[in-house]
Amino acid sequence: MGAIPESTTRGGVMSKSLPVFKAPLNGISLVEASAGTGKTYNITSLYVRAVLEKGLEPSQILVMTFTEAATAELKFRLRSRLKESLQAIKDDEAGNDVFLQKLISRDYEDAEAKLKSAIDRFDEAAVFTIHGFCSRLLTEYSLQFGVSPTLNCLQINQNCFRIV
Amino acid sequence: MFNTYQSHSLQTLAYHFSGIIKPEVEDPLSKPWIIVQNNEIKEWLSLKIAEEQGIAGNYRFIFPSEFLWMLYRFQKDEIPRVLPADLNSMHWALFELLSTDQSLLNQIPFYDSGSDTPKKRFQLCGQLADIFDQYQVYRPEMMESWLNRKFITKDPNERWQLSIWNELNKKWHSIKNIEHLPSRSQAYSELVQWLDDPNNELWSNVPENVYVFGLSHLSKPFMEIISRIGKKHDIHFFSLAKADDHSNENLIHLLGDWGRPIQEQLQLLYEILEKNDVPTETFSWETDQESSFPALKVHSCHNIRREVQVLKDEILRYLDNNSDRRLSDVLVMIPDVETYSGMLETVFANDEGEPAVPVSKLSGRNYHSAEHTLSELLELLSSPFKASAVIQMLHQEPIKNKFSFSDADLELLEDWVLENRIYQGVGSDFNTRYSWQKGVNQLLSGFSMEPDILNVYQEMVPYDRISSSDDAMLSARLAHFVHLLGSAAEEIANQKTPVEWIVFTRRLIDDFIGDGSAQNTQAGALLRMIDKLKEQASFTTFSKKVSFTLMKDWLVGQFSSYDSSSGRFGQGITVSSYIPYRSVPFGFIAMLGMNESVFPRKAIRPEFDLIYAAPRPGDRILKEDDTYLFLETIQATREHLHISYRGQDQHSDSIRLPSILVQQLLDVFFESQNEGIIRHSLHPFNKQYFDGDSPNSYSDINRQLSERMQEGKQEKQSFFIDQKFSPIEVNSKEQIHLSDLISFFVNPSKYLLQSQLSLSYYNEFKEVSDRESFKLNSLERHKLDSLLFEMLQKGESADTVKRYASAAAMIPEALEGEKVFKREKESVSGLLENLKSYTKADEHTEEISVEIDGIQLYGPIHGLYDDLLVSYRVGRRRAGHEVEHWLKHLLLLQSGYTLNRSLYISKDGSDTDILEIRSSEILSNPLSGYVRLFTSNNPVLHKSAFFPKSSKAFAEAILEGKDEEEAVKKARTKWEVTPHVSFAEEADYYNALLWRGYNPIESKVFKENALQFWEPFLKAQREEGS
């Protein structure tokens, strides 16, 4: 994983660069690293694995982050990574990308079809900000939550005060 | 016979269509049936037929959604237009059913009947009505088999939906007068039976030839019906061919993907035809050459305004480059009329330094439509009638018309609202103090009563500025409006039956928006809609009363679902929301607002929706619909496809993605997405638009702005640095009025900008407020103090003033008001007493006329009591006041007046503050130095580097023996704006204008000026509190 800078080590949670293919896809994992060390990069790789190994569709993988800008960035990179993976598997050529090399060598079943479908359905990808996810949940299950189905998330600069 | 005609272009199809369509042989006057998707394609097709045949008329255009009922009514013409199984009727019927039969609620697994409320139940019924409505259209056979208690799917949600559907049907059959009215699914199965019988008399009404042209969507029941007609008569089915006529493999693949739903529907259609043994024939017209993809441009902008500005330039360029194209070749598709139409109208109509582009008038819902106003009115009625909300209501176009409020009237009304302290409440017993009713009473009594100072009449203060009859008329109109609001607000407190609420709403339209007379077409349409709703709600025997809030939410929902709108052909550029013109060909098509995750839309469906759980070809899935719409739009574009979206954040400039469809399209043509996207700058006057030989913008104003900004960078503020400034030149005589001298030193920047450049700052920023103040701010306190001072001086009693202040809402209510008034009364009385004790002698005014260095200073000075000068202020003394007072003192001395001392009396919180200057302490009169400073020929920035507060702070520190650095630090605390100091001198309008980007505090002239002016004062002053 030459492309990935070293992650910080703490409490034995994860050491050095993240072994993407060894990381478990079940249970809870914590990846702790400083800014700029490649967290997003690794998420994109894990995402590709989830598509191929678990057969998940983008709508079934929740990715949450803090800001709208980060969401847009994440969506863009996830989709690009899916496309790169598809291309690599199609051409059987991964260049210097260690992750893609390993991906090809693993010879996943129906890899092309799964990736193609994930790319085509990527508009359904569940990549949200935290408030975006909550508001989506509230809208979809408005009846169960007892809220109006047309609820709006107030922007930060909107007047949130109410006279009691 | 079922004839299919296919081509890659709708134009070609239309051309052949006009050749094929003909009247019936037996009856030349019969109207051929043409089934089309919507009104827009109908108009377009008529135009095309007229182009080919010279005339187009006597056709019966039918939309797929009404086709079933049209056929059904041939047999049963007594069936009314509004039916119990309509969406809205069903909503209320279900609500009644579930409100009376608790056991049905208990069957719904996810519904917690423990927390059941009418509102929640009503929401549930809305969702149920919606899915039942969809089932009737797309799954009629399922609904029919439910009636026989037969399940169709394995979905656990089917069981309870079946029970409810059966109970609902039972209920309908039990109600007199409607028991014979069919549901749509029932009508469908009857119709299929009739059509299956070749001898049924229905056939006599069906023409020999039926035409179907360019449908965007085919539901399975629709296919079943036309296939049956095709068995006996002739169906001519015109549809677009699969988009496989491109050279780019990836493009064909992508377009194929997008067109999959319609291909599946056509596939299903052929299966149905085969099943029904319908003979078929297919014709297709291929164009000779492969069709070229339209020129694609994707624009990324920061906001809607920029999207529209960029679009305007692109349209102008298109017309510029293709001189034979006309405005009618351009279509603009917008995602939502409410947010885009206003901007489009403004930007396109702008002809200041750029050509205006005529736009067809958008019909439909917008900020000024009657539906919008009614929705807002309903919301307002259940609100606390905040001042801003009511004012906003007055600005609605229909209200303005109904009550004849002009823009000027509204401005005046806003002033009145402000001055009469109307904050909220329509004027019931509660909170009448700040209510609309009280405000109106003050206006009307103000007109009818003699103006009288401190007049309080029945706890209110007549507003004395209503004098003209126009004003009186305006206040009467406002009174009428407020009265109507008040009585409507009273009514909503009670519960009513749904029908009673609709009647109430109808009355609101009459009262606030207008009758359905010929001049008021908007109100007419709204009234028809309300009448329909009333009919739909009348199908139930619902006698239970519901609350206004429940009803309001439903009604508002009804109005907002009514939002598809478009302009018309031939009145400039056609503008429309996405849907209407989806497949109509144009030379230039623009799609705005193609933002990521906004388009294609994702329907949020209840998870028990059986259609979404297991969709079949012919179902309507919103996302697929939108995707196909995009495909149709691409196919309809002949030359230029313009796509824009919000691709950069306007605050952070961070990148946003376009719609997934745009991304997919870009993937086909470009290696990386960035290549295909044109990123625009935040401003239309950015120099990128004016570089090179052929500029990218048609706006002359923006070009000038851009050039000016380039120049501006090189010659920064040369005027202020080089320009000499002498008031003598301006006045031409060597005479200076005292007030000039004083104004200059109080605020040099202001004096300079006003006298030299005639810049004046008028910003009386007033905004209606929605709540009374619980504490007085400094301006309000100053107003109260001034009133107190004036009235107490006149000998009015404090109690009279208090009564007035309280009725006029100048002080807070209750204890806080008592406290505030007492405090202010004491401090003002203290000030007044002090003032009285010094001003026992008669007041005298001295006309000054002195000559200093050949310059004549003249003007009056008031406030003289023998050898004493007294100035005062009902408020805190500031450095500027000291400047004025000090200059007067010096001028009197210079003129030879016998002045022993002078006093400046002011308030300091609740105390009185007195500044005393003794003439004996002034060792030498600095006035001539001051005048030199004023009249000198120094550069502007040198002369104006004097700021009373900051300069004084500097001078004080120096005189206290501090070093210069320390003194500058002190001065800076008065100059700079910080979170704690908002009234800093830097923030003064004129200082900000003159000194932006400079820091005068560090400069040598600032220090010199400060010491020159303040040192003599600081040495002479003597302060004592009282």
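User: Two strands count as paired if DSSP finds at least two bridges between them. Over how many bridges do β10 and β11 of chain B pair?

Analyst: This is a predicted model, so local features need pLDDT of at least 70 and side-chain atom pairs pLDDT 80 or more, while totals for chains, interfaces and linings use all residues. Residues are numbered from 1 along each chain as written, with chains lettered from A and ligands numbered from 1 in written order. Strands (DSSP E runs of at least two residues) and helices (H or I, at least four) are numbered from the N terminus. β10 (586-591) and β11 (637-646) of chain B run parallel, and the number of bridges is 5.

User: Which residue is the bridge partner of Ala590(B) in β11(B)?

Analyst: We're still with β11(B), in a parallel open sheet of 6 strands ordered β9-β8-β10-β11-β7-β12 in chain B. The partner there of Ala590(B) is His642(B).

User: Which strands of chain B stand at the edges of that sheet?

Analyst: Follow the order β9-β8-β10-β11-β7-β12 in chain B to its ends. An edge strand here has a single partner, so one side is left without a neighbour in the sheet. That's the case in chain B for β9 (574-577) and β12 (677-679).
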